[in-house]
Amino acid sequence: EEEEEEEELQKVKLAKSRRLYELAMRDSGEFSAPAISKGVNYAELLYKSSVVKSVRLATKLFEDSKRIFGTDHWVTDRAEEVYEMTSRCCVSVGHPDRGLVEFDVVGWDKDEDCYALIPPESADDEEHPSHDLYKELIGKAVYTPRRHCILSKVVPVIVFGLPPGPLYHYNNKIGETKTFGMSEDSTEPNFISCYTIQFEDEDLEDCEVPPGCVLVLPKLPPEMPDTKGDSVDKAPASS
């Protein structure tokens with residue numbers, strides 16, 4: 001019941017924030033400081049219900065603010081803060097002594113099918129339980145096989161490699177991870193059986209997708225990235 005109340009409260013806050021953004025655009029213009037500021041607030045709240053939409057809006061507003069007001073303006077500072085928060089892609093990697101350790105995805109090596117990972121910003125905190133592990137990796141990228149990474153947080157993804165069948169039309173669709181399933185029978189190295197994806201296209205229903213067919217998007221493309229190469233393993237469709 002508390003969860004439902006929180007969800008309703010979030011919807012009310014989101015609707016109010018969106019309305020304030022729309023009014024600011026109407027009264028001051030789309031590229032005015034008040035409009036961009038209200039838009040940034042809306043993008044921040046939107047993150048809780050749609051990461052992809054939040055990232056797209058935060059990216060646009062940050063770019064607009066830099067172009068119009070420059071990098072030293074308070075509106076740009078605020079836009080950058082929300083852009084960095086929304087665009088962070090976090091995954092977890094199993095460590096023999098520490099369990100799951102979080103990293104940020106900054107790229108994907110298609111030929112090796114590995115994510116380029118860096119320590120999160122929190123790694124600078126000496127009180128962080130994995131600070132000593134991260135300390136050795138500051139300023140470096142660690143390349144980790146894609147299918148060894150667990151998408152334990154909500155991150156933007158694209159679906160690819162699904163063979164002809166009931167899920168085939170989900171290929172090349174962008175969305176975000178909502179939950180994941182685990183199974184001892186899974187052939188994946190981390191026992192993930194599927195990810196439930198909420199798609200950017202609201203006409204598409206949420207779908208359980210095999211982990212081998214899910215690729216993290218650290219940068220949302222205006223066009224679909226090329227995921228048709230032979231270097232990425234094609235996972236079987238889920239049953």
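A residue is termed buried when its relative accessible area is under 20%, exposed when it is over 50%, and partly exposed in between (1.4 Å probe, protein chains only). The structure is a predicted model, in which local features need pLDDT of at least 70 and side-chain atom pairs count only at pLDDT 80 or more, whereas totals for chains, interfaces and linings use all residues. Residues are numbered from 1 along each chain as its sequence is written, and side-chain values use heavy atoms, with hydrogens and water left out.

The secondary structure comprises five helices and ten strands; helices (H or I, at least four residues) and strands (E, at least two) are DSSP runs numbered from the N terminus. Of the 239 residues of the chain, 44% are buried. The chain exposes about 13,600 Å², of which carbon and sulfur atoms supply 50%, as computed by the Shrake-Rupley method with a 1.4 Å probe. With contact defined as heavy atoms within 4.5 Å, residues 24 or more positions apart account for 57% of the contacts in the chain that have a separation of 6 or more.

Helix α4 (residues 74-87) contains 14 residues and spans 20 Å from its first C-alpha to its last, close to the 20 Å expected at 1.5 Å a residue; the expected span is 1.5 Å times one less than the number of residues. The buried residues of α4 are V75, T76, A79, V82, Y83, T86 and S87. Viewed down the axis of α4, these buried residues fall within an arc of 130°, so they line one face of the helix; the arc is that of the directions from the helix axis to the C-beta atoms. The buried residues of α4 pack against α2 (33-46) and α3 (51-69).

Nonpolar cores were defined as sets of buried Ala, Val, Leu, Ile, Met, Phe, Trp, Tyr and Cys residues joined through side-chain atoms within 4.5 Å. The largest such core holds 39 residues, of which L117, L151, Y170, I197, V209 and V216 touch the most other members. Strand β8 (residues 192-199) gives the most to this core, with four residues. Neighbours within four places in sequence being left aside, Y170 is in contact with V159, L162, F199, L204, E205 and C207. A second, separate core of 16 residues includes Y21, A43, L57 and F62.

The structure holds 18 salt bridges, each being a side-chain nitrogen of Lys or Arg within 4 Å of a carboxyl oxygen of Asp or Glu. In one of them, R18 pairs with E22, the closest N and O atoms lying 3.2 Å apart. R18 and E22 are separated by about one helical turn, because they are four residues apart in helix α1 (residues 2-28). R18 is partly exposed, at 45% relative accessible area, as is E22, at 31%.

A further salt bridge joins the side chains of E102 and R88 (3.7 Å, N to O). This pair links distant parts of the chain, with E102 in strand β2 (residues 99-109) and R88, 14 residues apart from it, in the loop between α4 and β1 (90-95). E102 is partly exposed, with a relative accessible area of 25%, and R88 is likewise partly exposed, at 33%. E176 forms a salt bridge with K178, with 3.9 Å between the closest N and O atoms. Here E176 is buried, at 2% relative accessibility, whereas K178 is partly exposed, at 33%.
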